Amino acid sequence: MSMKKFHYQDAIKFGWERMKENFWFFFGSLMTIGLVSWISEDVDKLSENNPSFDLTILSILLLMLMLILDLGMMNISLKIHDKKEVTYTDLFNLYPRILNYFLTNLLYFLIVFGGLLLFIVPGIIWAIKFQFCSYLIADKNLGPIEALKESSRLTRDAKMDLFFFGFIVFIVVLAGALCLVIGLFFAIPTVMVAYAYVFRKLQENKIEIIKEPESKK
């Protein structure tokens, strides 16, 4: 069976179209995340400037909430890709997976950090190789080791293509940030759904990512 193909531009276009269809939903979700992040930063500053205030527990709770929201955004991106109905509660309803999510991301960070210490290149390779471990928590609730192994399997033979895709994503987010930051409300959802698109394609396991569209016959 010949391998199916998709283009980088297909992923970004797909993300853009789904973002437009769900803009206000994404806007509300990102505002929620921004509010929690702002409160978390203020709590940290208050704790630093006033040592007499012990806000450790509150800081931990806010960190946990941020992790839940991050996981929720991946869940929402996958559901939107799959054309499933999404609700505001989807931001929070994967909270039972927070421990898996935390441990998986901790392992991912340690692996990439260790690779960066080994003359940088291994860190970049491992960052690409294991980059979908978080999506696998949102999608299948795999354990940390299983998620890393499955991400490795999914990205096999596609690392260079994913590197270029990541570069395009960086440009999209940078462009959004340069548009008075407001552009991030468009760029971030576009990128998240685009990654969900790539993730689903890789899961089919017979997908080859190519950089340029084929000329029309």
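Author: Start with F119, which is exposed, with a relative accessible area of 75%. Keep in mind that this is a predicted model.

Reader: Where is F119 in the chain?

Author: F119 sits in the loop between α4 and α5 (121-129). Its backbone stands out too: F119 has a positive phi of about 65° although it is not a glycine.

Reader: Why mention the glycine part?

Author: Because most residues other than glycine have a negative phi.

Reader: And what is the phi of I120?

Author: For I120 phi is also positive, about 70°, and I120 is not a glycine either. I120 lies in that loop between α4 and α5 as well.

Reader: Is I120 buried, exposed or partly exposed?

Author: I120 counts as partly exposed, at 49% relative accessibility. The cut-off for exposed is over 50%.

Reader: Ok, stepping back. How many helices and strands are there in the protein?

Author: The protein has nine helices and two strands. Along the sequence the pattern runs β-α-α-α-α-α-α-α-α-α-β.

Reader: How much of the protein is buried?

Author: Of the 217 residues, 41% are buried.

Reader: Which residues of α1 are buried?

Author: Y8, A11, I12, F14, G15, R18 and M19 are the buried ones in α1. They cover an arc of only 160° around the axis, so they are on the same side of α1.

Reader: New topic: the core. Which residues have the most contacts inside the largest nonpolar core?

Author: F132, Y135, F165 and V198 do, in a core of 52 residues. Helices α1, α2, α3, α4 (98-117), α6 (133-140), α7 (144-155), α8 (159-178) and α9 each supply at least two residues of this core.

Reader: Which helix gives the largest share of this core?

Author: That is α3, with 11 residues. As background, nonpolar side chains tend to be buried together in soluble globular proteins.

Reader: What about pockets? How much space lies in the largest pocket?

Author: The largest pocket holds about 400 Å³ of space. The elements that give two or more residues to its lining are α2 (23-49), α3 (56-81) and α9 (184-203).

Reader: Which element gives the most to that lining?

Author: The answer is α9, with four residues.

Reader: Which residues line the largest pocket?

Author: The lining is L30, I33, D70, M73, M74, Q131, F132, Y135, I188, V191, M192 and Y195. By type, 10 are nonpolar, one is polar and one is charged. Two of the lining residues, F132 and Y135, were named above among those with the most contacts in the largest nonpolar core.

Reader: Last one. Where is G28 found?

Author: G28 is in helix α2 and is partly exposed, with a relative accessible area of 27%. The C-alpha atoms of G28 and Y88 are separated by 8.5 Å, although these residues are 60 residues apart along the chain.

Notes
Residues are numbered from 1 along each chain as its sequence is written. This is a predicted model: local features need pLDDT of at least 70, side-chain atom pairs count only at pLDDT 80 or more; totals for chains, interfaces and linings use all residues. Side-chain values use heavy atoms; hydrogens and water are left out. On a 1 Å grid over the protein atoms alone, a cavity is a set of points where a 1.4 Å probe fits but cannot get out, and a pocket is an open set with protein on both sides within 12 Å along at least five of seven lines; lining residues have an atom within 4 Å of a point. Grid points are joined across faces, edges and corners, and a volume is the space filled by probe spheres set on the points. Ala, Val, Leu, Ile, Met, Phe, Trp, Tyr, Cys and Pro count as nonpolar, Asp, Glu, Lys and Arg as charged, and the others, Gly among them, as polar. Buried means under 20% relative accessible area, exposed over 50%, partly exposed in between (1.4 Å probe, protein chains only). The arc is that of the directions from the helix axis to the C-beta atoms. A nonpolar core is a set of buried Ala, Val, Leu, Ile, Met, Phe, Trp, Tyr and Cys residues joined through side-chain atoms within 4.5 Å.
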